[in-house]
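Please look at the sequence and structure below before reading on.

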Amino acid sequence: MLEPVMFEGGVYKHNHLVELVEDLGGYILQTNIMQTEIVIIMLVPMNDIHRVETMTKELLGVLTRAPLSGTEIAVVAPTLAYHHLPHPDCDIAEFLRRKGAKTNMIGLARGVGARVCQITGHERSLINEHDLAVYILGNFKHCIVENKPKILEGIEIPIVVTGAPEIDVEEIPMANAYVGNLGRIAHRMRKGPEMWAMDEAVEAVSEILDKERNEMSKDPLCVMPPRVKKEIEDQIPEIADVLSPLPVTLKLKGMRVKLDYDEFHKRIENISFVEGVKLKDIAYIKKGLLKNYILVEIKPKSETGFVI
Amino acid sequence: MEEYEKIIVESDEETGADVYNRVIIDVLSDLALGRVLEKIRVYIDVKEPVFIFVALRRFGLPSIRLSDFAEVDMGDYGKNEVTINLLKESYIPQLLNKLWERYGKGNIDHEERNMIIVHTPDYFTEVDFLREMIIDEKIAQINDRIMDAMLRIIPEGFRVRYHQLTKEYILFVASEDPIKQEWKNKAFSIRNGLVKGGKDNA
C-alpha cells in the first residue's frame, strides 16, 4: 500500500530524498522547484514511511499527507467571467492543489442564470474525463436546488457542489456532497470561516475519493498508474520536452498523457513491461477532448485476469 | 433606524442577502465608488427572478473647464489666433485632442511647453467658447464606473435590463425574462422613498 505524501523544504540535497523514495519502491509524482524551495509530491510504501520522515527531518523539511495525489479534479464554474474568477473559483482550486490534486478549471459556455442555464454535450464529456467535479455555485438556495441541477445532468463522476446557504445534500439531485459558506464573493478568501469552508470542501472531496479507492480495491487495476507513468517517462523521451504542467497527469483509474494522440498513440500502446505485456493489453488508449491529449484507462483485474 | 443604513439588501433568503451585501461592498471598494453612492437599496427575488438595485448618489466633482487651468486670450493685433497660456500641465493630452478635433491639427501650434496657439478666423467668438470648453468630465468617468459596478454586482445570467441614471440616483432592474411593469413599479417606489429620505436627511 502506497501513502501519498508531500515534502516541502529546501532544494539542497533533495535528490537524497528522491533516491530514497525510488529505492523503497515509491514513486515521485511531481516536483515543483521555486527558487530555493521545493515541493515534491510522492507515493511512499506505508511500511517505510518512517525512513522518509527521518530523511525529511535531516533535510529540515516538512512532510504532510496529500490525500488528493494522483487525482484530476474539474473545478466547474457557470462561466469564466469576473463574477466567478479569481474568487472563489481559484481559491478553491488552490486548496485542492495544496492537497496534491491536479485541477482543471472549466467554465461553461451558458451555465449562468436560473431558467436559462444549460450545459452542452461536449462540456459534459470534458467533465467526465476527470475523477471528480467541484461545481462552484452561488448565493441562493432556490437557484441551487431548483435551477442548477440542469448543469449537473449527465455527469457520471462524483459531484461536490459549493454555495453560500446551508443546504441538505439530499435536496440537490445528482450531487454527492454539498459544502456551504462558499458562495459568490468578490474578495480573496482569507478569513477564518471562509478558510474552514474551503477545508471542508477539500475534506468532502477526499472522503469521496477515499470511498472510490476502497471500491476499486475490491477489483484492483491490473497495474498501478504511477508505474505506467514511470514506464512512459523511461520509454518515450519526448515527454521530457512537454512544457505543460504535469506531462503525465495521474488519475484514479489511469492517466492523461500530454502528447498528441495522432502522433504518439501507437508508441504509447506499445509500451512494454518486464512481465512481457504491452500497455494496449492492459489499458484502453483513447483520444481525450482536451487538446488531443492521450487518455489511458487501465483495465481492472476482473477484465484481464492478472495483476502485474 | 433602517433609513440611515448605507446598504440594505432585501430578499426571502437571509444568507443570500448577507452575501450580496458583502459582494456590493467589495465591488464598490474595488472601483473606489464608496463615497460616490450614498445609500443603496437592493431587492432580490430569485423565484421571479428579478434583481432591483437603487442607489442615491452624492454630488461629485465639477467638470474641468479650460479657464480653470489656463489663460485664454486673443492673439496680437492683426493676427487671427487665440492664445492659451497653460498654468497646469496635467490636462494637455485631453485639451490637444479636443482642439485637433475642432480646428484640425494644422491650425494648432504647440511649440512652447506652456503656450498653445489656435489659428482661427473666428477668433473673436472662439475665445469665449474656448474659455468655457469642458476638458475633463469627471461625471462621465464616474458614470462609467457606476455602470461597470452594476454589471459586476447583478447576477451574470440576468441579461434583460432596465436602468435610469441621473445626477441624483441610479436605478437598475435586471432579470433573465422580459422586465415586468410591476418590477419597475417596485423599483420606482424604492427610489421615491430613497430620494425623499435622502433630501429629508440632507
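**A sheet in chain A**

In chain A, four strands form an open sheet of 4 strands in the order β10-β11-β13-β12, with antiparallel pairing. β10 (248–251) and β12 (283–287) of chain A are at the edges with a single partner strand each, so one side of each has no neighbour in the sheet. On average, neighbouring strands of this sheet are turned by 20° against each other, direction ignored. This is a predicted model: local features need pLDDT of at least 70, side-chain atom pairs count only at pLDDT 80 or more, and totals for chains, interfaces and linings use all residues. Residues are numbered from 1 along each chain as its sequence is written, while chains are lettered from A and ligands numbered from 1 in the order in which they are written.

**Strands**
- Strands (E, at least two residues) and helices (H or I, at least four) are DSSP runs, numbered from the N terminus.
- Two strands pair if DSSP finds at least two bridges between them.
- β10(A) pairs with β11 (residues 254–257) of chain A in the antiparallel sense over 4 bridges.
- Val257(A) in β11(A) is the bridge partner of Val248(A).

**Helices on the sheet**
- Helix α7 (residues 225–235) of chain A lies across β10, β11 and β13 (294–298) of chain A, at about 165° to β10(A).
- Helix α8 (residues 261–269) of chain A lies across β11, β12 and β13 of chain A, at about 30° to β13(A).
- Angles run from 0 to 180 degrees between N-to-C directions, with axes fitted to C-alpha atoms, for helices over the stretch in contact.

**Chains A and B**
- 23 residues of chain A are in contact with 17 residues of chain B, contact being C-beta atoms, placed from the backbone, within 7 Å.

Notes
Two residues are in contact if their C-beta atoms, placed from the backbone, lie within 7 Å.
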